[in-house]
Structures are given as C-alpha cells and as structure tokens.
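Open the model in your viewer and keep the selection panel at hand. This tour goes stop by stop.

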Amino acid sequence: QVQLVESGGGVVPPGGSLRLSCVASGESFSIYSTTWYRQVPGKQRELVASIDVRGRTTYVESVKGRFTLSRDNAKNMVYLQMDSLKPEDTAVYSCNAKRVIPPLREYWGQGTQVTVSA
C-alpha cells in the first residue's frame with residue numbers, strides 16, 4: 001500500500017509562488033507516473049501537470065511557462081513549482097500516482113489548498 005502526502009499549499013498574492021510537494025511511502029516512486037490535479041468546488045477536477053517515470057512532463061495549457069513539475073526518486077518525492085500565480089489557480093491540489101508495472105494500481109493524496117488572493 002502506498003500513501004501520498006501533499007504539502008506546501010497556502011495563501012499567496014497574485015504573482016506569488018508556491019512549491020507543492022508530494023511524498024510517497026510504501027514503495028519506490030520510480031515505478032509510478034505522477035500527476036497533479038486541482039479542483040474548485042462545483043467544477044470538474046482538472047489535470048494540471050504529469051511526469052512519467054522517465055521524467056518527461058506535460059502541462060495543461062493554462063499553466064505552461066508558470067508551473068514546473070519535477071521528481072526526486074531518491075527521496076520518493078514530486079514537486080510542483082508554481083510561479084506567477086493567478087487567482088484562477090485557486091483550488092485544492094491533489095497528487096495522483098499510477099503504478100506503471102503490474103500490478104497496476106493508483107493512489108491519491110488528501111489534497112492541499114492553494115489560494116491566490118490579494
């Protein structure tokens with residue numbers, strides 16, 4: 001069983017920065033692709049950024065050039081660096097990990113609140 005714990009959320013003014021972290025316990029993170037999602041109450045969950053086991057990243061268009069996703073397999077951690085934050089980035093951000101070799105499994109963290117407000 002893998003447990004994911006996110007941290008790093010908070011309240012920042014527009015233009016500010018935050019770094020979210022997701023740490024995994026229970027198994028090596030190196031065999032998991034990891035995705036950050038965000039959700040605002042009343043809206044659908046949105047995929048923000050993904051990183052595969054080789055470190056290749058993809059981003060939703062709205063965060064390209066502002067967010068950077070990275071991983072440190074030695075520490076079993078994934079980081080989402082968020083710069084130039086906008087009010088529309090306000091959401092609960094959750095970490096998702098998918099095992100890429102059998103048995104295929106998927107895990108979620110509990111989420112961390114990010115609020116961008118003056």
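This is a predicted model: local features need pLDDT of at least 70, side-chain atom pairs count only at pLDDT 80 or more; totals for chains, interfaces and linings use all residues.

The sulfur atoms of C22 and C95 are 2.1 Å apart. The count for the structure comes to one disulfide. Now colour the two strands involved: C22 lies in strand β3 (residues 18-25) and C95 in strand β9 (residues 91-99). The bond therefore ties together parts that are 73 residues apart in sequence. Are these cysteines buried or exposed? C22 has 0% relative accessibility and counts as buried. C95, also at 0%, counts as buried too.

Step to S21, which is in strand β3 as well. S21 is buried, with a relative accessible area of 8%. Show its contacts beyond four places in sequence: V5, E6, S7, W36, M77, V78 and Y79.

Next, display the sheet that contains β3. Four strands form an open sheet in the order β1-β3-β8-β7, with antiparallel pairing. Which strands sit at the edges? They are β1 (3-7) and β7 (67-72), each pairing on one side only. From one strand to the next, the twist averages 15°. Zoom in on β7 and strand β8 (residues 77-82): they pair in the antiparallel sense over six bridges. Select T68 and look across to β8, where Q81 stands opposite.

Now turn to the rings. The structure holds three aromatic pairs. Select Y32 and Y107: this pair is tilted, 6.2 Å centre to centre, with 55° between the planes. Y32 is in strand β4 (residues 32-39) and Y107 in strand β10 (residues 106-108), so the pair links parts of the chain 75 residues apart. Y32 is buried, with a relative accessible area of 1%. Y107 is buried as well, at 9%.

Move to Y37 and W108. This aromatic pair is also tilted: 5.1 Å centre to centre, 45° between the planes. It links distant parts of the chain, with Y37 in strand β4 and W108 in strand β10, 71 residues apart. Y37 counts as buried at 15% relative accessibility. W108, with a relative accessible area of 33%, is partly exposed.

The charged end of R45 sits over the ring of Y37, 5.4 Å from its centre.

Ring pairs link F29, Y32 and Y107 into a cluster. Then show R71: its charged end sits over the ring of F29, 5.7 Å from the ring centre.

Notes:
Residues are numbered from 1 along each chain as its sequence is written. Side-chain values use heavy atoms; hydrogens and water are left out. A disulfide is a pair of cysteine sulfur atoms within 2.5 Å. Buried means under 20% relative accessible area, exposed over 50%, partly exposed in between (1.4 Å probe, protein chains only). Contact means heavy atoms within 4.5 Å. Two strands pair if DSSP finds at least two bridges between them. Axes are lines fitted to C-alpha atoms, for helices over the stretch in contact, and angles run from 0 to 180 degrees between N-to-C directions. Rings of Phe, Tyr and Trp (its six-membered ring) pair if their centres lie within 6.5 Å; planes under 30 degrees apart count as stacked, over 60 as edge-to-face and the rest as tilted. A charge sits over a ring if NZ of Lys or CZ of Arg is within 6 Å of the ring centre and within 35 degrees of the ring normal.
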